[in-house]
Amino acid sequence: MKKLLFLIFLFFQIPFLTGISQTFYISNVNVISMENDQVLADQAILVTEGKIIKIAPMSSATDFNVNPVIDGGGAYVYPGLAEFHSHIPVAQNGNTELQEEAMWLYLANGVLRVRGMIGHASHLPLKAGIEAGEIDGPRLFLSGPSFSGSSVSSPEQAAQMVKDEKAAGYDHLKLHPGLEMDEFLAIAKTAKELGIPFGGHVSLAVGLKASLENGYKSVEHMDGYVEALMPDYSKVLDSDKAGPFTMLLVNEVDMSKLPELVDLTLKTGAWMAPTLTLFDRYFGYKLAEEYRNVPEMKYMSAGQVQSWINAKTPYEERGVLTKENVQPYLDFRKELFMTMHEAGVPILMTSDSPQVFNVPGFSIHHEIELMSQAGMSNYEILKSGSVNPAKYFDQEGEWGVIKAGASADFVLVQENPLVDLNTLKVPVMVVMKGKVYDRNELDKQINKIEENHKRR
């Protein structure tokens, strides 16, 4: 009954606050600050101009002397989630609708920070618009156009590309496969000179060891580890026999080599971006056609969903994605993920959205479920989406935590996520840099998106 009254209160009281950054406080909440794994019960949070000013027990909240007051009704407050491997849509001929839809899908799912990993010039004004408060959305950290075998033609051109992306205002460099060693080294050298982080896939001509030793900040998809564990590296060069991400050779890996690779990963300070759900869906054995009508696909156009089906179907037709082939690979990835985590390698919350069957925001909850199934604790899962992303960009304490002085970026949910991760799927309120979005506003926006892509 208490929660019902809370939702009724939100329905009638919050619209005057929605989208406005001002002074207010939220009462009667339980705070998960993410500075530790404790819950501060029966608290109030004072927010002014987008910053958390004070967190105090309700017994002293009257000292705030502030209106308006939002009654949290016993909700749990935590700093929100991350999507740190996103493919932010590109604005087509100045049309930013798909970009703005993706931003709302993230917010509606409690995702408050996003790292774009396939860059485009249209992402820069999107970020600027969000930072100026003109567009609703999460914090954006942008990689520029990717460095790959098709975009890089020489070490000199690669170095200039690094300089150009840094000058344009990108936050990160994304590397795709196909780079030669001299090209990679030119990228790494120039990026370190300019102080811009880089990471991504591991090119076969470079290999995992050289990638880590020359400054990879993040290894996307945990790429390169299967190849580095192969007794005969030449086998990975035959793409037909190796399969996507060398999945067909996973039964040949030499796991005795793994401790050395883990040590190297720790020594070089690299981060892991596991994207477990990408592999579960794109390279899993569930048929592509079965994803067409899963609930969140209604927020994607029919054409987009069909393109995802078209991307997976050829692997099915070639007999690559049988359960016999896929299950050992997925099991290996879970083991690799937990081995890295338990050794202390920092993990980033990543799902690779929008990408094959991974809808922005919704896919993060699939990722969370897989992280939990692999054995990661609820607290560590929440860290991967809050504290860790802030550390990644050397902004620890500025956001990703709930404490005085931090940005007012947080989410209210009905249950304690340290006990029940499912509660994360339906935020009852999102606060982003002090702007308040109640559930009604979030539903209104995603319902518009559904209508935009309604199957006629």
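## Close-up views of a predicted model

**View 1. Gly-243 sits in a loop between two helices.** Gly-243 belongs to the loop that joins helix 8 (239-242) to helix 9 (258-268). The model shown here is predicted. Is Gly-243 buried or exposed? Its relative accessibility is 17%. Buried means under 20%, so Gly-243 counts as buried. Ala-390 is 147 residues away from Gly-243 in sequence. In space, the C-alpha atoms of Gly-243 and Ala-390 are 35 Å apart.

View 2. The loop holding Met-117 runs between strand 6 (111-116) and helix 3 (123-131). Met-117 has a relative accessible area of 0% and is buried. Which residues touch Met-117, leaving aside neighbours within four places in sequence? They are Phe-84, His-85, Ser-86, Ser-143, His-172, Lys-174 and Glu-220. Take Phe-84: it stands 33 residues from Met-117 along the chain. The C-alpha atoms of Met-117 and Phe-84 are separated by 8.1 Å.

**View 3. The largest nonpolar core holds 124 residues.** Six residues have the most contacts inside this core: Leu-81, Phe-147, Leu-173, Leu-175, Tyr-225 and Phe-337. Which helix gives the most to the core? Helix 12 (residues 323-343) does, with 8 residues. In soluble globular proteins, nonpolar side chains tend to be buried together.

**View 4. Leu-81 touches residues from several parts of the sequence.** Residues up to four places away in sequence are not counted here. Leu-81 touches Asn-109, Gly-110, Val-111, Leu-112 and Arg-113, among others. Its contacts also include Met-349, Ile-364, His-365 and Ile-368. Leu-382, Gly-385 and Leu-424 touch Leu-81 too.

**View 5. The whole protein, for orientation, has 16 helices and 14 strands.** Its radius of gyration is 22 Å, close to the 23 Å that the globule rule gives for 456 residues, so the protein is as compact as a globular protein of that length. The C-alpha trace spans about 70 × 50 × 45 Å along its principal axes. Buried residues make up 57% of the 456 residues. Among contacts with a separation of 6 or more, 74% join residues 24 or more positions apart. The accessible surface comes to about 18,100 Å², and 50% of it belongs to carbon and sulfur atoms. There are 40 positive and 57 negative side chains. The centres of these two sets lie 2 Å apart.

Note on methods. Residues numbered from 1 in each chain as written. Predicted model: local features only at pLDDT ≥ 70, side-chain atom pairs only at ≥ 80, totals over all residues. Heavy atoms only, no water. Helix = DSSP H or I, 4+ residues; strand = E, 2+ residues; numbered from the N terminus. Rg over C-alpha atoms; globule rule 2.2 N^0.38 Å. Buried < 20%, exposed > 50% of the residue type's maximum accessible area, 1.4 Å probe, protein only. Contact = heavy atoms within 4.5 Å. Areas by Shrake-Rupley, 256 points an atom, 1.4 Å probe, with all protein chains shown as cover. Lys, Arg positive; Asp, Glu negative; His and termini not counted. Charge placed at Lys NZ, Arg CZ, Asp CG, Glu CD. Core = buried A, V, L, I, M, F, W, Y, C linked by side-chain atoms within 4.5 Å.
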